[in-house]
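Biologist: Hi! I'm new to this one, could you walk me through it?

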Amino acid sequence: MIHHARRKTVAAIALAAAGALVFTGCSGDSNGDENGPVTLTITANAITGGKNAAEADWVTDWVIPQFEDAMKEEGKDVTVEFEPQGVDDENYKTKIALDLQSGEGADIIGMDGIWVGEFAEAGYIKPLSDVGGDAVDGWEGWDQIPEAVQNAVSFDGDRYGVPQGADGRVLYYNKDLFEQAGLPADWQPESWDEVIEAGKALKKLDGVTPIQLNAGTAMGEATTMQGMLPMLVGTGEQVYEEDKWVGDTDGMRDVLDLYKTIYVDEGLGDAVLQQEASGRDTSFQMFAANQIGILLEGDYFWRSVINPEEGVGTAPMANRDDVVGYTKIPAMEPGSGIDDQDFVSMSGGTGRVLNPNSDHPELAWDLLAFMNSKEAYEARNEGTISITPRTDVNDEILSEDPMLTYVSEEVLPITAYRPPLAAYPQVSTAMQQASLDVVSGTSVDDALATYVDSLKDIVGDDAVSGD
Amino acid sequence: MTASTTTPAGSLTAPRRRRADDVAGLGTARAGIFVAPALTLIGLFLLFPAVWTIWLGMTDYRLTGLQAASPEFVGLDNYVEALTDPSFWNSLWLTLVFVVASGIVGQTLIGFALAWSVRNIHGWVKALIEGLVLAAWVIPASVASFLWLVLMDRRSGTLNGLLGTDGYAWLIEHPMEAIILFNIWVGTAFSMQLFSSALSAVPPSQIESAKMVGASGWQQLRDVIIPNIKGHILTNTLLITLWTFNTFTPYLVTAGGPNGKTEILSVYIYETAIPGGQLGLGAAISLIMLLINLVIALAYIRVSRGRKKG
């Protein structure tokens, strides 16, 4: 029996060793030449019946058959495949980073513009014209896409991808709940205090969480973009200004104090929800079920979450157009926002890049240009309208949707963008942790001290502003 | 205990035990050919990744950014960073609590208690109990974790439905307790099976003798059963310890949260290396984890050698 046990020991040690080694890689790829049958692949964090369903449906039902037919007319045998994903953005990012690191991945990859910097620095993606050839710079679409929108997927002055659209963030509120709480249906708060006052009125309603302001690491970038940053620009500060990242400043203190007021002092938000593994999706479900009064979200929420159209929204609200109000995000006090603005917002941008490992990069560019043609965007917006990167398309379609017209006309002129720097995603994680610390009961002083420590680890002592 | 040599009957002097150098008569070269495939596999899939991990752990390699393209050698910086980081020690402490509570105490004791209580039962009752316990072991981890998520869900969970505690977030308020219970539920079947077979190997004559002299159930357990199955207990404890130490399944239930409260070492490494992107630091902590594994295994070998001599 001893012998037996010892054999098991050896096996166990081997098992343990194997268990502790988490890093392996694999590669290996081959494909036909330009004349034979060619397969191109597209990937995005979109899936039919789930996340970003409208985009997934458009790719499978319009882009693929149309492009294959167009190629057939040119005498090329091209098959296009779509690899859908429907997961949290952080998991999707990890997946495509690992794909690209091992020299694999789809030919066309959808990604958040803010990842472009770190992916480019890692050498995972290359400037579009390096990959797609001369056809890239001569593309007609560039004239239609404003510079600011192109910048969302550019890095160091080079275009790395074609932007997919523009977005803006607003405060959504439930008009039914507002009426029950004696608040106006046509609401435009002018300071943080007015939002808090409305929250206190909503708190009297049974089973209602007055305010959902994203916090915590579980929600990932959503916490930064729909929480920390829109509040920070409301104090007149930016996350990155004059070569320094925001540290222990008055603005950061005000933002964390606001979190403390909402989640700890006044109990206007659900602090537990911020820590749940799928808290953001749950917050969507709760808003759709009339259980959340005020929610800060992007126009994505309007288009892809509470959209009542069948198979489009992940938490559809049949009476969305009647019940859901939207209003600009106020600065801390009138005039205290960046550029002395009364109202503020944040914008991001997603786009699609070419995989440098593609076997058919020029054909992949043809497909990417095709996906961003005027016809493609018109087809994309037949079902659900979103703000496209192309001004020629926006001029025609946006008037059909009052919410997107509002974002385009009222929000985009006052919005701010994240710095296109490789360090940003790590800084963002540190900010999420600071908000999590505050909502789970840590004092603002301690949370800020921890934040500044990790910030210094990321960017160095000299690149941090504040005391 | 069973490793003694059998002496041929009738021989007057027992031959001195001597280890044969070449029992099969192959010679070194031919023996080498036979073990070469195995050694190649071990080298490729065990030694090479281990050496690779050691090297990675001494660089600032990251998943993205500049350090992904050209990682730099940083010596022992990663080890210093890990060992001076309170969150590493917190993670190690959580792992210790997790191993002791869910592995050593939970799985071993409950597994033994189950094996002990069903040892004299036969027929369908025994089959049913064993079947139920084994089901938890057989169900794929992803399915099992989903069952537990549904059980403890805050809004529509079964547990809240049964207890009438609607809206209580078990996974947020009691995260460690939740993954400890989860791991006991998943893993008890192994201990139960192992102890079942161990108990059936205890000579019935010894138990009968104990009963004859009036030993109580507890005395039988202490003086007859446990001395007989000591080896099994040791093996079981080692395996359970290593498995529990290395398990990643709790991640599927709590994802290390809330706020790192269930970040056991395997989850901590994953969070650091993959979503956190710090592959170099992750490799360094992996190596620390590997060393802890070796220490556990060596301690076990010491104990079993000591037992053999005694």
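Modeller: Happy to; we'll go through a few helices and strands in turn. Keep in mind that this is a predicted model.

Biologist: Let's start with helix 19 of chain A. Which of its residues are buried?

Modeller: In helix 19 of chain A, the buried ones are A:Val444, A:Ala447, A:Leu448, A:Tyr451, A:Val452, A:Leu455 and A:Val459. They sit on the same side of helix 19 of chain A, because they cover an arc of only 135° around the axis.

Biologist: What covers the buried residues of helix 19 of chain A?

Modeller: The cover includes strand 10 (244-248), helix 10 (250-265), helix 18 (424-439) and strand 17 (464-466) of chain A.

Biologist: How far apart are the end C-alpha atoms of helix 19 of chain A?

Modeller: They are 22 Å apart. That agrees with what you'd expect, because 16 residues at 1.5 Å a residue should span 22 Å.

Biologist: You mentioned strand 10 of chain A. Which way does strand 10 pair with strand 17 of chain A, parallel or antiparallel?

Modeller: Parallel, over two bridges. A:Trp245 stands opposite A:Val464 in strand 17 of chain A. Strand 10 of chain A also pairs with strand 9 (residues 240-241) of chain A, in the antiparallel sense, and there A:Trp245 is the bridge partner of A:Tyr240.

Biologist: How many residues lie between strand 9 and strand 10 of chain A?

Modeller: Two, and the strands form a hairpin. A:Glu242 in the turn has a positive phi of about 50°.

Biologist: Switching topic: what is the order of the three strands in the open sheet of chain A?

Modeller: The order is 13-14-16, with mixed pairing. Strand 13 (329-330) and strand 16 (415-417) of chain A each have a single partner strand, so one side of each is left without a neighbour in the sheet. Strand 14 and strand 16 of chain A run parallel, joined by three bridges. Helix 9 (residues 221-234) of chain A lies across strands 13, 14 and 16 of chain A.

Biologist: Last one: where is the kink in helix 1 of chain B?

Modeller: At B:Val35, shortly before B:Pro37, and the kink is about 45°. Helix 1 of chain B is hardly covered, with two buried residues among its 30.

Definitions and conventions: Residues numbered from 1 in each chain as written. Chains lettered and ligands numbered in written order. Predicted model: local features only at pLDDT ≥ 70, side-chain atom pairs only at ≥ 80, totals over all residues. Bend = angle between axes of the 7 residues up to and from the residue. Helix = DSSP H or I, 4+ residues; strand = E, 2+ residues; numbered from the N terminus. Buried ≥ 20, exposed ≤ 12 C-beta atoms within 10 Å, placed from the backbone. Expected span 1.5 Å × (residues − 1). Arc of directions from axis to C-beta. Contact = placed C-beta atoms within 7 Å. Pairing = 2+ DSSP bridges. Axes fitted to C-alpha atoms, helices over the stretch in contact; angles between N-to-C directions.
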